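Subject: Handing over a structure

Hi,

Have a look at it first, then read on.

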Amino acid sequence: MNHDHGMAAPPLSMNGTSGMHYGKKMMMMHMTFFWGKDAEILFSGWPGRRLGGGMYALALIFIFFLAFLVEWISHSRLIKPGGANNVWAGVVQSLLHAVRVGLAYLVMLAVMSFNGGVFLMAIAGHMSGFLLFGSRVFKRNMDILSSEKTSDLPPMSC
C-alpha cells in the first residue's frame, strides 16, 4: 500500500544538497554544513552575491549581534524591583520574553542555513554575551553571594 500520497522526497545530490522546484526556479537546500560566502540567510537572496564578501560579512555581524542581544536580554534588569505596579511590570516582562524568544528563533533559523560561518558567529555571539552579562567575570563578590534575582526573565530552557 502506498502511503506517500504521491509526494516523493527530493533526491539528495552528491554534495549534500537537496533541490526543490518552485515554479521555474530550482531552489537548493544544504543538508550538511558548508563553508563559503554564497549562502542565503534568513531571507531569500540575502546576503546573495552582491559586493563580493561584504554582504556576507555584514550578515555574519548581524547574526553575532542577534545572539549577543539574546544574552543581554536574558541577563538584564530593566524592571526596577519593588515597583508599585505589578501589572505594568508583568506586561514589560512578557514583552521582553517575546522579544528574546523571537530573536533566539531568528538565530536558530540563520543557523539552519547550514553555513559554517553563520554557526560559528552565532556561537561567538552567545558566548560573548554570556561572558559580559551572565558570567562572574564582571560581577562584584557581593553580587555573586546575593540571593536576589539576577535578571527579569527566567533562564531559557528547552
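Below is what turned up, starting with the chain as a whole and then moving to single residues.

A word on the source: this is a predicted model, where local features need pLDDT of at least 70 and side-chain atom pairs count only at pLDDT 80 or more, while totals for chains, interfaces and linings use all residues. Residues are numbered from 1 along each chain as its sequence is written, and side-chain values use heavy atoms, with hydrogens and water left out.

The overall picture

You'll find 4 helices and 2 strands in the chain, in the order β-β-α-α-α-α along the sequence. Helices (H or I, at least four residues) and strands (E, at least two) are DSSP runs, numbered from the N terminus. Of the 158 residues, 28% are buried; buried means under 20% relative accessible area, exposed over 50%, and partly exposed in between (1.4 Å probe, protein chains only). The accessible surface of the chain is about 11,300 Å², and 69% of that belongs to carbon and sulfur atoms. Those areas come from the Shrake-Rupley method with a 1.4 Å probe, and for residues only the protein chains shown count as cover. As for contacts (heavy atoms within 4.5 Å), take those between residues at least 6 apart in sequence: 58% of them join residues at least 24 apart.

What the record says

An unreviewed UniProt entry has the annotation "transmembrane region" on residues 54-74, 86-108 and 114-133. UniProt positions are in the numbering used here, feature names are shortened, and annotations may be inferred rather than shown by experiment. In the model, residues 86-108 are 100% helix and 0% strand, with 32 Å between the end C-alpha atoms. Residues 114-133 are 90% helix and 0% strand, and there the end C-alpha atoms are 28 Å apart.

Helix H1 and helix H3

Phe68 sits in helix H1 and Met127 in helix H3. They are 59 residues apart along the chain, yet 7.8 Å separates their C-alpha atoms. Met127 counts as exposed because its relative accessible area is 55%. Leaving out residues up to four places away in sequence, Phe68 touches Gly125, His126, Ser128, Gly129, Leu132 and Phe133. Also in helix H1 is Gly54, which is partly exposed at 40% relative accessibility. Its C-alpha lies 9.2 Å from that of Lys37, 17 residues away in sequence.

The loop between H2 and H3

Ser113 is in the loop between helix H2 (86-111) and helix H3 (116-133). Its relative accessibility is 13%, so Ser113 counts as buried. A polar atom of the Ser113 side chain lies 2.7 Å from the backbone oxygen of Ala110. Phe114 is in this loop too, and its phi is near 65°, a positive value in a residue other than glycine. Most residues other than glycine have a negative phi.

A patch on the surface

Which residues form a nonpolar patch on the surface? They are Phe33, Trp35, Phe119, Leu120 and Ile123, with about 560 Å² of accessible area together. Trp35 belongs to the loop between strand E2 (25-30) and helix H1 (54-74), and it is exposed at 64% relative accessibility.

Cheers

How values were computed:
Patches are made of residues with over 30% relative accessible area and no salt bridge: like charges are joined within 9 Å, nonpolar side chains (Val, Leu, Ile, Met, Phe, Trp, Tyr) within 5 Å. A salt bridge is a side-chain nitrogen of Lys or Arg within 4 Å of a carboxyl oxygen of Asp or Glu. A polar contact is a pair of N or O atoms within 3.5 Å; within protein, one must be able to donate a hydrogen and the other to accept it, and residues adjacent in sequence count only if both atoms are side-chain atoms.
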